[in-house]
Amino acid sequence: MVPFISGIPGIYTSNLDVARQVAAGGHKTSFIKPESASQALLLWGMNLVAADGEMWRKHRRIMGPAFNNKLYQMVWSETLDTYREMVYAEGWDKTDAVEVPVIQTLTFKLALLIIGRCGFGFSFNWEAPPTAPDGSMSIQEALRIVADSHMLAIAAPKWLLALPFRRFKEVREAHDQLMGFMQGQVADRKAEMSSLDDSTTTKNDAFTMLVKANEDENSKLKLDDQELIGNVFIMLFAGHETTAHTLAATLGFLGLYGDIQEEVLEQIISVVGLERDPAFEDYSNLDKVLAAFYEALRMFPAGHVLIREATEDTVLQLPKPVGQEGTIPFPVPKGTQVMVDMVGVQYNERYFDEPEEYRPSRWYGVANESEVFSAFSVGPRACIGRKFATTEAVAFLAMLLRDWKVESVLKDGETKKAWRERVLDAHLVLTLGVADVPLKFTRRTKGT
Ligand code: HEM
């Protein structure tokens, strides 16, 4: 694509081999993540998503250890608790059937609470009041406002946000409240680490792990406080909307295709039974639950574009058409941007038969971290939160689907096909999702 008046030329690709050449990162690459693509993510400090080159390696080295089994275990148990809180707070415990006009209202709240608890280490709950006992905005509320107003905060010029409108004032207040709070939290955690003999903390949230890894690191590679805060916040922006959108799409598809939902339910019951809570150890046996989530993510890849820029004149190797061996060299001049169109990749017939079909069985038996599933990107720069998101999704879906039958709510006279076209249609804000999903939940009696 060559811009008509101004701007730099760009190449769009929906080929995974090309994606590997440009997006994976690493020492020898001729491509970087351009600063312009990450500017929006620097509001809270330099972070893993925005960093590149040596800076990226430094951030990944500190962030990496935070994403471990203890964190996933915490995500699992917090998700079960949050599901139960939701059932109680939304009044589902008093009814046998409930209609939710927009399922995203629940999936966004769930994802925010899980990031709040497991990412930031805060004790949030489903029904927290918006103000703290002293009358100021509560931290939970501030986090919600910051998450909801991210687009406004990055798109609007500073002078505009300084105007005395209520909404802008609220956004400013939430930002200041949270920044002040986070600075205090970094100091508290550092003090806690230095007071422990072997710096072994009982807390497993990502923020605490991050501070611990940073304190253990030698000084040259240490992150400063602003970078620590930047990385905690990037979890909010990279992990909240993406997971919430995908859960909404998964439930939309399962509501529409009762036979697939039954197949998933059968596995939940055969692995977990009807009485006990699903345990983190069940995760790998619930591959059909994961497959339902993966397939929804394939069809609506939340991270819909990967943007890279050539730092020198270089050559891409384009695979020849299907059925032919070898590659075709494709020169790329310095400064050219290459956009990996993730929607194009996920619907590319080179990789998927009938890509328009929702077919979770594509992912049965595919190893959990396999790059055959590519919607979390591929290579060393792939999503660090993949297991965080899938753990949350599998725990939530296992609980929800065992207790409730999910069905799509059709308008009068609407066919399922028309519902799918209307509802399971792309909706893009910062990340890609589906339109508002109306669903009905009917209580199951002992697995029926
Ligand atoms: C369904 C949920 C998610 C999807 C679809 C998703 C997708 C992606 C994609 C495509 C990338 C690569 C972006 C690029 O290279 O330009 C990425 C990177 C990243 N994601 Fe996720 N993500 C999800 C959940 C999460 C969660 C829950 C977290 C954190 C708790 C997270 C944190 C990150 C971070 C920090 C990176 C940057 C990694 C690096 O550059 O080294 N993501 N994600």
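Guide: Start at serine 408: its bridge partner in β11 is leucine 439. This is a predicted model, where local features need pLDDT of at least 70, side-chain atom pairs count only at pLDDT 80 or more, and totals for chains, interfaces and linings use all residues. Residues are numbered from 1 along each chain as its sequence is written.

Strand β8 covers residues 404-408, and it pairs with β11 in the antiparallel sense over five bridges. Two strands pair if DSSP finds at least two bridges between them. Strands are DSSP runs of E with at least two residues, helices are runs of H or I with at least four, and both are numbered from the N terminus.

β11 (residues 439-443) also pairs with strand β3 (residues 97-100). That pairing is antiparallel too, over four bridges. Here glutamate 99 stands opposite lysine 440 of β11. In a regular strand, side chains alternate between the two faces of the sheet.

The shell around the ligand holds 25 residues, and the closest are Gly239, Thr242, Gly303, Cys383 and Gly385. A residue is near a molecule or strand if its C-beta atom, placed from the backbone, lies within 6 Å of it. α11 gives the most, with seven residues.

Now sort the shell by class. It has 15 nonpolar, eight polar and two charged residues. Nonpolar covers Ala, Val, Leu, Ile, Met, Phe, Trp, Tyr, Cys and Pro; charged covers Asp, Glu, Lys and Arg; the others, Gly among them, are polar.

Finish at cysteine 383. It lies in the loop between α14 (342-346) and α15. UniProt, in an unreviewed entry, lists Cys383 for "binding site". UniProt positions follow the numbering used here, feature names are shortened, and annotations may be inferred rather than shown by experiment.

Cysteine 383 counts as partly exposed because it has 18 C-beta neighbours inside 10 Å. The cut-offs are these: buried means 20 or more other C-beta atoms within 10 Å of its own, exposed means 12 or fewer, and partly exposed is in between, with C-beta atoms placed from the backbone. Leaving out residues up to four places away in sequence, cysteine 383 touches Phe376 and Ser377. Contact means that two C-beta atoms, placed from the backbone, lie within 7 Å.
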